[in-house]
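Colleague: I am new to this structure and would be grateful for a close look at a single part of it. Please describe the pockets, and then relate them to the elements around them.

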Amino acid sequence: MIIDEKRIKKSTGMTVRVVDECSSAFDEIGEFDVVIAKRQTGGIGRGDHSFFSPYGGIYLVLRLTGLNIDAHTLTPSVGLAVHDAVKAVTGSDTLLKWVNDVISDGKKLCGILCKSPRRGEYLIGVGVNYSTDIAEFVNAGLSDIATTLDAPEMTATDFCVTLINRIIKLARTPFDHKRYNALCITVGKTVEFTYGGETMRGLAERVERDGSLIVKIGSATVAVDAGEVTVVHRCETT
């Protein structure tokens with residue numbers, strides 16, 4: 001897969017490094033604005049999760065500085081940016097799973113991880129199964145939960161340009177919570193999550209403008225702003 005560093009730099013105004021393979025793109029960012037890896041041997045996800053990163057994916061880390069935003073809105077805003085970039089370049093429709101997954105055909109297409117090494121600076125990690133061979137997920141036992149766009153490799157540079165520019169735009173504008181709610185598969189589902197050290201279950205009602213997930217539990221509501229949220233496929237409320 002050819003990803004053109006010079007064209008990305010020209011089209012985004014960012015300093016860019018493309019690597020064929022690394023442990024994690026977060027480790028390679030250095031002084032660059034953007035690092036893009038085609039394969040990761042030690043990809044990282046939220047919490048202590050690993051992120052399966054075979055060849056054919058686009059594993060991108062973007063540094064943005066001077067952001068004066070609510071950090072909780074950044075990850076869902078990046079989800080919208082991925083949705084937009086996929087649609088613009090490939091024509092495919094995707095959905096969003098709160099707070100950091102992009103979904104295609106009911107399976108995970110992309111994971112998002114945002115870090116803030118210092119005030120006002122964010123490292124935005126996006127891992128997209130772009131041209132990945134579906135056999136990679138079959139062999140890894142992940143075919144039930146992960147999928148690929150199976151997009152032409154020749155469009156990878158266009159996708160990177162579109163994604164970077166879209167992230168920059170959405171990270172610097174107010175979080176579009178109405179559009180996020182319309183695309184979010186979590187809303188309207190029964191979910192489980194940990195709150196105050198206790199596992200709880202309730203109906204996910206909406207995503208607020210501050211990025212939190214509002215969950216109804218009996219007559220009360222809880223605003224979940226971080227942590228693992230699982231959609232429960234059994235015993236859903238009506």
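Modeller: The account below begins with the pockets and then turns to the elements that line them.

The model is a predicted one. Its largest pocket has a volume of about 1000 Å³. A total of 44 residues line this pocket, and those nearest its centre are Phe 51, Asn 100, Asp 101, Lys 108 and Ile 145. Sorted by class, the lining comprises 23 nonpolar, 14 polar and seven charged residues.

Several elements give two or more residues to this lining: α2 (25-28), β3 (58-65), β5 (101-104), β6 (107-118), β7 (121-128) and β12 (229-231). Of the lining, the largest share comes from β6, with seven residues.

Glu 121 pairs with Arg 63, with the closest N and O atoms 2.9 Å apart. Because Glu 121 belongs to strand β7 and Arg 63 to strand β3, the pair ties together parts that are 58 residues apart in sequence. Both Glu 121 and Arg 63 are buried; for Glu 121 the relative accessible area is 8%. Glu 121 also meets the side chain of Arg 118 in a salt bridge, at 2.4 Å from N to O.

The second largest pocket has a volume of about 210 Å³. Its lining has 16 residues, and Arg 46, Ala 71, His 72, Thr 75 and Cys 114 are the closest to its centre. At least two residues of this lining come from each of α3 (71-90) and β6. By class, nine of the lining residues are nonpolar, four are polar and three are charged.

In soluble globular proteins, nonpolar side chains tend to be buried together. Here the largest nonpolar core has 59 residues, and Ile 36 and Val 82 have the most contacts inside it. Helix α5 (residues 156-171) provides the largest share of this core, 10 residues. Beyond its neighbours within four places in sequence, Val 82 is in contact with Val 102, Cys 110, Ile 112, Val 126, Val 128 and Leu 163. Another core lies apart from the largest one; this core has seven residues, including Ala 25, Ile 29, Val 61 and Leu 123.

How values were computed
Residues are numbered from 1 along each chain as its sequence is written. This is a predicted model: local features need pLDDT of at least 70, side-chain atom pairs count only at pLDDT 80 or more; totals for chains, interfaces and linings use all residues. Side-chain values use heavy atoms; hydrogens and water are left out. A nonpolar core is a set of buried Ala, Val, Leu, Ile, Met, Phe, Trp, Tyr and Cys residues joined through side-chain atoms within 4.5 Å. Buried means under 20% relative accessible area, exposed over 50%, partly exposed in between (1.4 Å probe, protein chains only). Helices (H or I, at least four residues) and strands (E, at least two) are DSSP runs, numbered from the N terminus. Contact means heavy atoms within 4.5 Å. On a 1 Å grid over the protein atoms alone, a cavity is a set of points where a 1.4 Å probe fits but cannot get out, and a pocket is an open set with protein on both sides within 12 Å along at least five of seven lines; lining residues have an atom within 4 Å of a point. Grid points are joined across faces, edges and corners, and a volume is the space filled by probe spheres set on the points. Ala, Val, Leu, Ile, Met, Phe, Trp, Tyr, Cys and Pro count as nonpolar, Asp, Glu, Lys and Arg as charged, and the others, Gly among them, as polar. A salt bridge is a side-chain nitrogen of Lys or Arg within 4 Å of a carboxyl oxygen of Asp or Glu.
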